[in-house]
Amino acid sequence: MIPKVFKEVIDLGDGREISIETGKLAKQAHGSVVVQSGKCMMLCTVVSNYKQSPVDFLPLTVDYREKFAAAGRYPGGFFKREARPSDGEVLTMRLVDRVLRPLFPKDYHSEVQVMIQLMSHDENVMPDAMAGLAASAAIQLSDFPFECPISEARVGRINGEFVINPTRAQLAESDIDMMIGASADSVMMVEGEMDEISEEEMADAIKFAHEAIKVQCAAQVKLAEAFGKKETREYEGEREDEALEKKVYDMAYDKVYAIAKAGSAKHERTAAFAEIKDGIKATFSEEELADFGDLVSKYYSKAEKSAIRNLTLDEGLRLDGRKTDEIRPIWCEVDYLPSTHGSSIFSRGETQALATVTLGTSRDANKIDMPSYEGEENFYLHYNFPPFCTGEARPLRGTSRREVGHGNLAQRGLKGMIPADCPYTVRVVSEVLESNGSSSMATVCAGTMALMDAGVQMTRPVSGIAMGLISDAESGKYAVLSDILGDEDHLGDMDFKVTGTSEGITACQMDIKVKGLSYEILVNALKQARDGRLHILGKLTDTIQAPNADVKEHAPTMVTRRVPNEFIGALIGPGGKVIQEMQKETETTIVINEDPVTEEGIVEILGVGKKGIDAVMAKIDAILFKPTVGSVYEVKVIKMLDFGAVVEYMDAPGNEVLLHVSELAWERTENVSDVVNMGDVFDVKYFGLDPRTRKEKVSRKAILPKPEGYVARPPRDDKRSGGRDNRGSRDNRGRDDRKPREEKKE
């Protein structure tokens, strides 16, 4: 018997709907829903252990997977099973995690697992926009301690009109692609890319998405009420001791405030704070520390955070002595690495990134193979964050989710400034060598300079900045912090990263930790970020004013050539013989793609040095060569025959034609060698196809003066047996009195 199903439908306002259903699938999970829009269906399940984990954080795992069966496809490669998550799946996991995590109680340490899987794909629905809705709806049906329902929505803008959850086709026409995560009363997360929009336009897009999210949150509440809202589970919270908290606060606050106000460097400041903490612990006995030493550490951290925040709000000073809108010292350098196609160093304070650029053909494009999307990226960026950049030693376990997310943000910030007619596939790699605040924005800055150093003709240079916010709801005070430190990232109420050009914003990532942040404060923060961005942009352009006009001498030059479809086979050759020999002889890389519209061949020629590329172009010219009737061409004898000479066009090596003995000279020629020899170069006139032989005809004698007294030989007798002129004459073929040919006797 099919169990009772509970369902809520959300109207997106343009004929599209999203439904949330529960009661049919995965009933042993603590909460499960199926979210559907069109043919797209996602199953989300949530489970949380009842026993608290022995850690001081929330062990939350968000897992998003797309099943290839959902799109009626097989996984690529030899191993026909879904394996490690793709970058696209990892990015969706991060989007959901960042909105869910702050809404669990700070003292809830039970392991939580959220699993979202795409079960049915619709090419007109982008599933990542519904993942946050699915996760929150499943949690609402559980007994987890969770503050309130949330949802996520994508917003685009097409022809000046905002659109919620646009299709991929619509997104291609949009100048905004933003994901917003929010509850009914507060925006909590923003991430996306834009086409150089203003701060006010960005705020309007967030407002538009938030209105749609409010409707989605209300639908979750209705579904939970219809299903039967569960009582929130009881759990053992963290131990508290108000008297101990006050004692530690009184011992630590003034000392921390003084060190914070001194404006010291990271390692010096960290050591000083550690000394204060150790001094406080030294006032307790070993037995007391064994009993409540963890509380001492916890209360010290709260006192430290309070002192640093108050210093900024009351005096406008920060940990390293800067004012709230001050940017750390910057130095830059380009062309640092001698063998790369482009390179740069960007250092800002204690953060440093080394970027490299590699230029390649379409064969080097980053291929994306997901059930929900198949395509290629001709511009992509990889971000590496080794442990030494923060002075740590830890094992490397492959690319982390953080590295994927930060690299994607930097890529989105830069890619809009790569011109559409850039012939190369471009790969940027950022190696973070030092980190104390916003290495992803350092990556954007280093990437810009490396691209210009490589000769990539960027539309405009891009810079990036990380911002913070400290606010006090009771007093109404707030401070926006430009170019935040790593410590400020943790103690603030909002951290956001913004990239852009002199004309507007190209990408952003925000995590908002306070409820009800006003749009006025948000716009003010974005405007302060613009001032900081432009300051940093000036440092970049002081180092390299514009993209280099050409690629470096050791970097490959790319030339593209369109070839009519009928010549592609000749260019490739049987079994690829022609193109392979050409690449070997010219030391170039040749890639041939087909234009899906015109069906022409697009030939990419990549090579270091002009000689090899010119040789390939000459070969293509030779293959495409079509002589014009009546024109004169220079030829070279390459083969001698009894009945003529085979000549090759000098302008199109490889194109051969027979020069018949009768066309060598006006005089009768008995031997071909009497007139021409191997290697001779001379001119001939092209007559097109000979109507008699149906072969191309060229003549040497046609451009020579007739000898004095020259008398043309009489034409052959049409009635001669076996006369070939009869067969070549259309008039003779039509004569009614022609006698049939007699059979040849044995």
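A search of the whole structure finds three cavities of 30 Å³ or more. Here a cavity is a set of points on a 1 Å grid over the protein atoms alone where a 1.4 Å probe fits but cannot get out. Keep in mind that this is a predicted model, in which local features need pLDDT of at least 70 and side-chain atom pairs count only at pLDDT 80 or more. Residues are numbered from 1 along each chain as its sequence is written.

Let's look inside first. The largest cavity has a volume of about 80 Å³, a volume being the space filled by probe spheres set on the points. Its lining residues, which have an atom within 4 Å of a point, include Leu12, Arg16, Asn124 and Pro166. By class, seven lining residues are nonpolar, three polar and two charged.

Now turn to the backbone. Most residues other than glycine have a negative phi. Ala26, however, has a positive phi near 50°, and you can find Ala26 in the loop between strands β2 (17–22) and β3 (31–37). Glu587 also has a positive phi, near 55°, and sits in the loop between α13 (577–586) and β23 (588–594). Helices (H or I, at least four residues) and strands (E, at least two) are DSSP runs, numbered from the N terminus.

Are these two residues buried or exposed? Buried means under 20% relative accessible area, exposed over 50%, and partly exposed in between, with a 1.4 Å probe and protein chains only. Ala26 is partly exposed because its relative accessibility is 34%, while Glu587 is exposed because its value is 68%.

Methods. Heavy atoms only, no water. 1 Å grid on protein atoms, 1.4 Å probe; cavity = no way out; pocket = protein on both sides within 12 Å on 5 of 7 lines; lining within 4 Å. Nonpolar A, V, L, I, M, F, W, Y, C, P; charged D, E, K, R; others polar.
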